[in-house]
Amino acid sequence: MNTPTNQYQPVLEVENLDVRYGNFQAVQKVSFEVKAGEIFGLLGPNGAGKTSTLSAIEGLLKPNGGAIRVAGYDSRKQPLEARAAMGVQLQSTSFQPELTISEIIRLFAGIHGIALSAERTSAILTDIKLDDSASKRFGQLSGGQQQRVSLVIATIHQPPLVLMDEPTTGLDPQSRRQLWLRIEAMREKGHSILLTTHSMEEAESVCDRIAIIDHGQIITIDTPQAIIDDNRDRPEVIRASRKGKITLEDVFIGLTGDAIRS
């Protein structure tokens, strides 16, 4: 894909994003960027504005204000180019139930104008350790296997930006750790990743930088360790600590409160 960007420009730029549903302001003046080769986490409680922000980036909803640029393409002026420059892996994905895994991969490759030979399809399945499952339907796979297939489909067209919405929800520790390794491998292949997660362990382990959003506004953006260091002496963070050592979860609860969100 030819893009108007270069390696020194951010792959994703979100500037003063506003999203409203009637009189409710879901996202207010949100700004951040994802750099080339970066794994960037967007964290926040339920209802904080993560989904609305991600939906605006994906092009699923029209924001009320602000600008979004993907690989240099303005999502308002060049929506098709912006969407083509990203891949999306949702938390829960359903595919055509009558198709096998190899047929699903070839179908979505074809949607992006990519012809996959049987040999190439087999090589992809071998890479994600599903070569013995080529004839299975998507619903016959475990959660971890489904996520591997979904990730292949999200990146089949080699997009500069990959959006991942809570990708490890419901996975066992082994599957979660394997997906982390695949996310890091994606970066090595030149992808930038924006992921949402409720797992503080995941954010610390995988993300180069994170943004914490609450009530539709960005509270802080930095590396996980820098956010911990900058907030460890706040009284509300100290109160949130359960074992004496300040963690990212302590900081997160200190900044966003300990009330359960619906």
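The structure is a predicted model, in which local features need pLDDT of at least 70 and side-chain atom pairs count only at pLDDT 80 or more, while totals for chains, interfaces and linings use all residues. Residues are numbered from 1 along each chain as its sequence is written, and side-chain values use heavy atoms, with hydrogens and water left out. Helices (H or I, at least four residues) and strands (E, at least two) are DSSP runs, numbered from the N terminus.

**The sheet**

- An open sheet of 4 strands has the order β2-β1-β4-β5, with antiparallel pairing; two strands pair if DSSP finds at least two bridges between them.
- Its edge strands are β2 and β5 (73–74), each of which pairs on one side only.
- Strand β1 (residues 12–21) pairs with strand β2 (residues 24–34) in the antiparallel sense over 7 bridges.
- Within this pairing, Glu33 in β2 is the bridge partner of Glu13, and Tyr21 stands opposite Phe24 in β2.
- A hairpin is formed by β1 and β2, with 2 residues between them; Gly22 in the turn has a positive phi of about 65°.
- Helix α1 (residues 50–58) lies across β1, β2 and β4 (65–70) and runs at about 115° to β1.

**Asp18 in strand β1**

- Asp18 lies in strand β1 and counts as buried because its relative accessibility is 10%. Buried means under 20% relative accessible area, exposed over 50%, and partly exposed in between (1.4 Å probe, protein chains only).
- Leaving aside residues up to four places away in sequence, Asp18 touches Gln25, Val27, Gln28, Lys29, Pro63, Asn64 and Gly65. Contact means heavy atoms within 4.5 Å.

**Helices α5 and α6**

- The axes of helix α5 (residues 143–155) and helix α6 (residues 173–188) come within 10 Å and cross at roughly 15°. Axes are lines fitted to C-alpha atoms, for helices over the stretch in contact, and angles run from 0 to 180 degrees between N-to-C directions.
- This crossing angle makes α5 roughly parallel to α6; angles under 35 degrees count as roughly parallel, over 145 as roughly antiparallel, 65 to 115 as roughly perpendicular and the rest as oblique.
- On the α5 side, the contact is made by Gly144, Arg148, Leu151 and Thr155, and on the α6 side by Ser175, Leu179, Arg182 and Met186.
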